[in-house]
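Hi,

Here is the structure I said I'd pass on.

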Amino acid sequence: MKILHFYRTYYPDSFGGVEQVIRQMVTGSARLGIQAEVLTLTREKHELELEFEGHAVHRVPLNIEIASTGFSWSAFSRLKQLAKTADVIHYHFPWPFMDIAHFACQIKKPSVVTYHSDIVRQKHLFKLYQPLQNQFLNSVDKIVATSPNYLATSATLARYREKTEVITYGLDAAIYPTPSRNLLDQWQARFPAPFFLFVGMLRYYKGLHVLLEAVAGTQIPVVILGDGPVEAELKRQAQSLGLQNVHFLGALPEEDKVALMQLCYGLAFPSHLRSEAFGITLLEAAMFGKPMISCEIGTGTSYVNVHQQTGLVVPASDPQAFRQAMQYLLENPAQAQQMGKQAAQRYAECFTAERMARSYQTLYQQLLTKRA
């Protein structure tokens, strides 16, 4: 069985949450004998054909970007060419150019779309795009929601309940690097006190401005790993609040991320808008047995982090509530440790890459059988 994944960004150009999910899908399905490849856009001009962790990554040049939507004229011919030898086309939503390419290339192969998120921010442009979106979602064979929470709260998915099923994200701990003892010691020396860790792109919906307000006037150490569009704005806010206990590390290699995840006291995940559909970082924290603090935003974040079981869930955009949650975990280390253990157990039961890959294998086979 051969699967072609199509998404706007992928490794090694970008390391976001959806890219990580596709990576886990591809590597997990490979263990089941499924050959998977990825077609994606790139700003690079050379080395368009790559092999990443044993699978082919086909890159086409990005020509223009409008409202965070990348367009590539050469993607049309490449998609049509690669689709000929694929058994199933696996799309990753949202990406309006993908919808256009699907129809322009007259894709007739069995198709599945993983619905990662509603379109939240571009409300005015969404009204223009919505007819194309609906036509695209009508045309694919199957839609996959990433959590029961998201399926229950998405107005768009409500239109397609009969053709939608839930397959949650999964991670494979084996593909994460093991940090050296020397690296662990270096980070431990830099942050000796119990600290909360944030990992991710610094984007508008991540709620980091709320986190900074939450720790203002406290001594709670917070380490922020990642970069992104609002980094400068957040640093200005931290300076204006006089925060000496918040440390911006920028983007770092995977080994450093794992080291900090192992060393942290807990994960701070203050995303406050529905653009945060799931939270891969929450899964990573659960995998490493860390208690989590997240916000109730009606998406998959509260499916991963179960209140009072794997961590604490607080109201969105509420600095005082987030501060109280951090203080509670610090003042109750035994309970925090127990939450971390329960998070690891929930990861093992619900969120492994093997479980995700087997669910998709079953879905692919169903589509092929139905088409036959």
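Helices here are DSSP runs of H or I with at least four residues, strands are runs of E with at least two, and both are numbered from the N terminus.

Before the rest, some housekeeping. Residues are numbered from 1 along each chain as its sequence is written. This is a predicted model, so local features need pLDDT of at least 70 and side-chain atom pairs count only at pLDDT 80 or more, while totals for chains, interfaces and linings use all residues, and side-chain values use heavy atoms, with hydrogens and water left out.

Back to H8, which spans residues 208–215. Most of this helix is covered, with six of its eight residues buried (buried means under 20% relative accessible area, exposed over 50%, partly exposed in between, with a 1.4 Å probe and protein chains only). The buried ones are Leu 208, Val 210, Leu 211, Leu 212, Ala 214 and Val 215. Their cover includes strands S11, S12, S13 and S14 as well as helices H9 and H13 (319–331).

H8 packs against H9 at an angle of about 15°, and the two axes are 10 Å apart. Axes are lines fitted to C-alpha atoms, for helices over the stretch in contact, and angles run from 0 to 180 degrees between N-to-C directions. H8 and H9 are therefore roughly parallel to each other (under 35 degrees counts as roughly parallel, over 145 as roughly antiparallel, 65 to 115 as roughly perpendicular and the rest as oblique). Their crossing is right-handed, that is, the near helix is turned clockwise from the far one by less than a right angle. On the H8 side the contact is made by Leu 208, His 209, Leu 212 and Glu 213, and on the H9 side by Leu 234, Gln 237 and Ala 238 (contact means heavy atoms within 4.5 Å).

Now the sheet. It is open, has six strands in the order S13-S12-S11-S14-S15-S16, and its pairing is parallel (two strands pair if DSSP finds at least two bridges between them). S13 (246–250) and S16 (311–315) stand at the edges with a single partner strand each, so one side of each is left without a neighbour in the sheet. From one strand to the next, the twist averages 25°. S14 (residues 266–269) and S15 (residues 292–296) pair in the parallel sense over three bridges, and Leu 267 stands opposite Met 292 in S15. Helix H10 (residues 254–263) lies across S11 (196–199), S12 (222–225) and S13, running at about 150° to S11.

What does Val 313 touch, leaving aside residues up to four places away in sequence? Val 313 sits in strand S16 and is in contact with Ser 294, Cys 295, Glu 296, Ser 302, Asn 305 and His 307. Val 313 and Cys 295 are 18 residues apart in sequence, with their C-alpha atoms 5.2 Å apart in space. Val 313 itself is buried, at a relative accessible area of 15%.

Last, the charges. A search of the whole structure finds 15 salt bridges (a side-chain nitrogen of Lys or Arg within 4 Å of a carboxyl oxygen of Asp or Glu). These are the ones I looked at:

- Glu 65 and Arg 43: the closest N and O atoms are 2.6 Å apart. The pair links distant parts of the chain, with Glu 65 in strand S5 (residues 64–66) and Arg 43 in the loop between S2 (35–42) and S3 (49–52), 22 residues apart. Glu 65 is partly exposed at 40%, and Arg 43 is exposed at 62%.
- Glu 165 and Lys 142: the closest N and O atoms are 3.9 Å apart. Here too distant parts of the chain are linked, Glu 165 being in S10 (residues 164–166) and Lys 142 in S9 (residues 142–145), 23 residues apart. Glu 165 is partly exposed at 25%, whereas Lys 142 is buried at 19%.
- Lys 235 and Glu 231: the closest N and O atoms are 3.1 Å apart. Both lie in H9 (residues 231–240), four residues apart, about one turn of the helix. Lys 235 is partly exposed at 38%, while Glu 231 is buried at 17%.
- Glu 254, Lys 257 and Glu 284: these are linked in a network of salt bridges.

Cheers
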